[in-house]
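This report describes selected salt bridges, surface charges and a helix. The sequence and structure are shown below.

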Amino acid sequence: MSDTNTPTAADLAALLCARLCHDLVSPVSALGAALSVFDDENAVDMRDDAVELMRTGARQAQAKLEYARLAFGAAGSKPGVIEMAEIRRLADAMFGDHKPELVWKDEADGLDKPAARVLLNLIWLGVDAAPRGGTVTIEAKTQSDGGARLRLVAAGPKVRLDPAYGEALEGRAPENGYDGRSIQPYYAGLIAREFGGRASAHADEERVEFTALLAPGAAQAA
């Protein structure tokens, strides 16, 4: 990278693709493993398990692709508002098999696309911060001036915040530069900053808190 503090557009695209591909490897590999059972004449007794594995792999792959389509992309070219019901659906499908429970305390009916993208990325980071389970509490508020305030709290045993994530979220390069994981918090913070806001994360022994603020007018600029 020419400047480790500011990834180029090509670097950003490549690292986000790496992040997505990393998460799709597991369910797609499960599909391949399940199909191989049907090619083995000696594994007839395993075919029921293989069918279930295919269902699980297909469900997980679909959930991750739908989630990433909005979290990393535009989910359509036109500006607009994403309903909170849709954001919940995507998150519940994506993280239903993960240990932390998603607790929704949003006060918004919907969010402009940039705020929705930031929120989906912060939820992902919040789930990663609670690998042993617990809760990820999600708050989303729209302001009277059209801006948005987002707050997530991951709480539970062994909650953690990778120092590289905190740095990247605020636009500072991690010590060893960006990679396929730290590029995600950088991207979430970048969206907030591009729309006149900010994003940050703080941790203590019991919880990790993520916050983001987006200024009004994001929908028109999306």
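## Arginine 172 and its partner

Arginine 172 is partly exposed, at 38% relative accessibility; by the cut-offs used here, buried means under 20% relative accessible area, exposed over 50%, and partly exposed in between, with a 1.4 Å probe and protein chains only. Its side chain meets that of glutamate 170 in a salt bridge, at 2.8 Å from N to O. Glutamate 170 is also partly exposed, with a relative accessible area of 29%. A salt bridge is defined as a side-chain nitrogen of Lys or Arg within 4 Å of a carboxyl oxygen of Asp or Glu.

## Basis of the model

The model is predicted: local features need pLDDT of at least 70 and side-chain atom pairs count only at pLDDT 80 or more, while totals for chains, interfaces and linings use all residues. Residues are numbered from 1 along each chain as its sequence is written, and side-chain values use heavy atoms, with hydrogens and water left out.

## The network around aspartate 128

By the salt-bridge rule, the count is 13. Which residues are linked in a network of salt bridges? Arg19, Asp23, Asp128 and Arg181 are linked in this way.

Within this group, the side chains of arginine 19 and aspartate 128 meet at 3.2 Å, N to O. Arginine 19 belongs to helix H1 (residues 9-38) and aspartate 128 to helix H4 (residues 113-128), so this pair ties together parts that are 109 residues apart in sequence. Helices here are DSSP runs of H or I with at least four residues, strands are runs of E with at least two, and both are numbered from the N terminus.

Aspartate 128 also forms a salt bridge with arginine 181, at 3.5 Å from N to O. Arginine 181 lies in the loop between helix H5 (163-169) and H6, whereas aspartate 128 is in helix H4, so the pair joins parts that are 53 residues apart in sequence. Arginine 19 is buried, with a relative accessible area of 3%. Aspartate 128 is partly exposed at 22%, and arginine 181 is partly exposed at 36%.

## Helix H6

Helix H6 (residues 183-194) has 12 residues and reaches 16 Å from its first C-alpha to its last, close to the expected 16 Å; the expected span is 1.5 Å times one less than the number of residues. Of the 12 residues in H6, 10 are buried. Among them are Ile183, Tyr186, Tyr187, Leu190 and Ile191.

## Positive surface patch

Lys99, Arg132, Lys158 and Arg160 form a positive surface patch. Such a patch is made of residues with over 30% relative accessible area and no salt bridge, with like charges joined within 9 Å. Lysine 99 is located in the loop between helix H3 (84-95) and strand E2 (101-104), and is exposed, with a relative accessible area of 60%.

Lysine 158 lies in the loop between strand E5 (148-155) and H5. Lysine 158 is exposed, with a relative accessible area of 59%. Its phi is near 60°, a positive value in a residue other than glycine. Most residues other than glycine have a negative phi.

## The loop at glutamate 205

Glutamate 205 lies in the loop between strand E6 (198-203) and strand E7 (207-214). At 78% relative accessibility, glutamate 205 counts as exposed. The C-alpha atoms of glutamate 205 and proline 157 are separated by 8.9 Å, although these residues are 48 residues apart along the chain.

Key:
Patch = residues over 30% accessible without salt bridge, like charges linked within 9 Å, V, L, I, M, F, W, Y side chains within 5 Å. Areas by Shrake-Rupley, 256 points an atom, 1.4 Å probe, with all protein chains shown as cover. Lys, Arg positive; Asp, Glu negative; His and termini not counted. Charge placed at Lys NZ, Arg CZ, Asp CG, Glu CD.
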